[in-house]
Amino acid sequence: MARYPVPRFFRRLVIALIAIGALLLVPSREGTLTWLKEAKSSRFMDKFTGCRTLRVTFYTIPKPFTTAPGQQERAMASWMHLPLKVKIVLVPSADSDLAEMSKVAKSVGGRMEQVGLDPFGNVLQDALFTLASRNSDSDIVVVINADIILSSDFASALLHANDQFPAPERFFFVGARSDMATIPEFQGLNYTDTNYFAEFFTSKPAREAILHSYGGVDYYAWRPQGDPYVAAIGGAIPPFTYGRGKVDNWVVKQAMNNKVPVIDASLAVLALHLPHGYAGSTSGDDTPLKVNAGKVSYKNYWVSAKGDAVTLNRYVFFKYGNVTVQDGVPWSTTWRLAKCRVDGEDRPCLQRRVGEICPCEYNPYVGATLSPVQMVKNMRVCGHTLSAQSYDHAGDEEGSRLVARWRAHGKELILTGFNSGYWDMLNNLVCRFRQLGIDNYLFIAFESASLNRCRGAGLPCVPLSLPSNIHLVTGEDAAVYNSAEFRALTKLKSLQVLKYLKAGFNILWTDLDIFWFNDVRPELQAPEYSTYDILIQSNALMSEPVANSHRRINSGFYYARSNAATIAAFQEITEHALHSKVSEQPSFYTILCGDKMEYVVNGTDCFNSEIGVRTRFLDRARYPNGNNTHWEKLRWPEVGPPPGVSIIHNNWITGHDAKNERFIKAGLVQYSPQSGCFGF
């Protein structure tokens, strides 16, 4: 039985009766006030009403204890000192010394339990959470990193959350840690002593601890009730390897998607992490690289992490998740616990908030890394901006793995490219693909910061493949139509398509400003198009008599078959575009239809007999460009396009902001940073 909150009216009745008794029995005013203050306390009400302290079991995966002597034992001792009925369960991985772990478990009155491991010997997240959820002897279960030292704030915050969401309601309680630069030492005291933690949490290193980031989650808590497979987040958890980049954010976001109240306790709980190193451990950790003059420097784990378990988790992400379920940083939760001043005391108070974006280290919506997060007037806020991390585009192992994965699934591949100016439209396209059940896509990042950001969001992204004489295009200026940066950006697209055509893929290129009403892949692979090498959108007005008049080609949407003729055409297109002063779009028309329209066959076809490539301009009614009357009436999904329209291109309008405004007005935005993909 959990510690249920006492109804407010009953509390008031009890306090009123005590006040009357105090006036009759206690002669002095000071004595009466003391009685009343004691009567209002939770501890007194617990005694009076027969409620009891929460039974809480902590589940943790220690790293080898010999690699950081005393660090994890100190953390577990802090849990045992909490005003809760605490039990501790140690969960081993493949590199655990079971005899050593058993000894530590006994020293804290705990036990060991084993769960499923991934192929590399690491604990699986779903197995760990299911194990905890099967614990019928606890009111609350906690999964926590083994080196997190908890203050008594944790107990009061957990009690408050438990009161605000009484059983059988669910809640999912999470928080981020703060980092200490040094370990305080106290003469004559160690962590086994009763008074140690009172000194520890008031020490200078503890007071000056810095919030690690608002991206990571270092502890989770929930009620172990109902089906253990879904108890934590209201739904199943895929077989992620526990503790590898972004899994914590996936879990948080998925709980929110499942309508489970997610509570960020980072502002109400002081959870401390000591500097350490776990040499030889395979368990993984974004540990400090160095401690220098009180400054703790961290590497961005998701960008820099390597190894089989990280690769395995990325694959699981692609299979089960997408950008909408990997943005679950604590800052994005609907509820948060803060410290409020009540009757002269600091107490946790639950606050509902609109989704916010804190531009901190792991937030996928912010390209730059912000570190450290600083304390300002007892509030943890984001610090100064650091320069974007660089990425070595040569020898991209992750890109090679992605390409190998798509090749195993067939020859069809959807490609698009983006830079930081189009990040919001990339998310919108991902949402629409998910709604349509499309997963064979690959995103090409046109700059290093965008690649880091994209991979940090768990999306299948690869860097540009560039000749040495071409430089990356960066910044929002590249989103402005016909700017020098825009023209340079477009010339990079066909180069990427050529690379994957040569690798044997049939490529469907789609610009980010195109909205897909239907999955067009079956249409483009229909028998009527089987004799064409390239199918491409027309940029002609609907009033023009033919689709393929001079330069009326749109290289933002096309399907190209991987064969000798298409590869030869793209080699000429890329060469022509590199020496052109305009965008690459005219180069498509020059090579496919002729500068003087010498390869035009009829109103829809072109055939370049010199290289043997046959091109078909797609039906303008089914694949309309931006110059049409649909935009005036479109209020999707209430008012959709005319029957038969498969896509609509948001071109014939200048600038990112104008495109975005038209998307919003037409109801074609399927994504927001606060709620992710609509309908999921």
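P637 sits in the loop between α20 (630-633) and β27 (647-649). A word on those labels: helices are DSSP runs of H or I with at least four residues, strands are runs of E with at least two, and both are numbered from the N terminus. The model is predicted, so local features need pLDDT of at least 70 and side-chain atom pairs count only at pLDDT 80 or more, while totals for chains, interfaces and linings use all residues. Residues are numbered from 1 along each chain as its sequence is written, and side-chain values use heavy atoms, with hydrogens and water left out.

Back to that loop. The peptide bond between W636 and P637 is cis, with omega about 5°. Another cis bond joins A167 and P168, and there omega is about 10°. P168 is also in a loop, the one between α7 (153-164) and β6 (172-175). For background, most peptide bonds are trans, and most residues other than glycine have a negative phi.

R551, which is not a glycine, has a positive phi near 60°. R551 is found in the loop between β23 (534-538) and β24 (553-560). Is R551 buried or partly exposed? R551 is partly exposed, because its relative accessibility is 38%. The cut-offs are these: buried is under 20% relative accessible area, exposed is over 50%, and partly exposed is in between, using a 1.4 Å probe and protein chains only.

W652 also has a positive phi, near 60°, and is not a glycine either. W652 belongs to the loop between β27 and α21 (656-666). With a relative accessible area of 40%, W652 is partly exposed.

Now the protein as a whole. The secondary structure comes to 21 helices and 29 strands. There are 680 residues, and 57% of them count as buried. Taking contacts (heavy atoms within 4.5 Å) with a separation of 6 or more, 73% are between residues 24 or more positions apart.

Next, the disulfides. A disulfide is a covalent bond between the sulfur atoms of two cysteines. The criterion used here is a pair of cysteine sulfur atoms within 2.5 Å. How many does a search of the whole structure find? It finds two. One joins C454 to C461, with an S to S distance of 1.7 Å. Both C454 and C461 are buried.

The other disulfide is formed by C593 and C606, with sulfur atoms 2.1 Å apart. This disulfide is right-handed, because the torsion about the S-S bond is about 100°. The pair links distant parts of the chain, 13 residues apart: C593 is in the loop between α19 (585-592) and β25 (605-608), and C606 is in strand β25. C593 and C606 are both buried.

Last, one sheet. Strands of a sheet pair through backbone hydrogen bonds, either parallel or antiparallel. This sheet is open, has four strands in the order β5-β11-β7-β8, and its pairing is mixed. Its edge strands are β5 (148-150) and β8 (210-211), each pairing on one side only. Two strands count as paired if DSSP finds at least two bridges between them. Strand β7 (residues 178-179) pairs with β8 in the antiparallel sense over two bridges. Within that pairing, S178 stands opposite L211 in β8.
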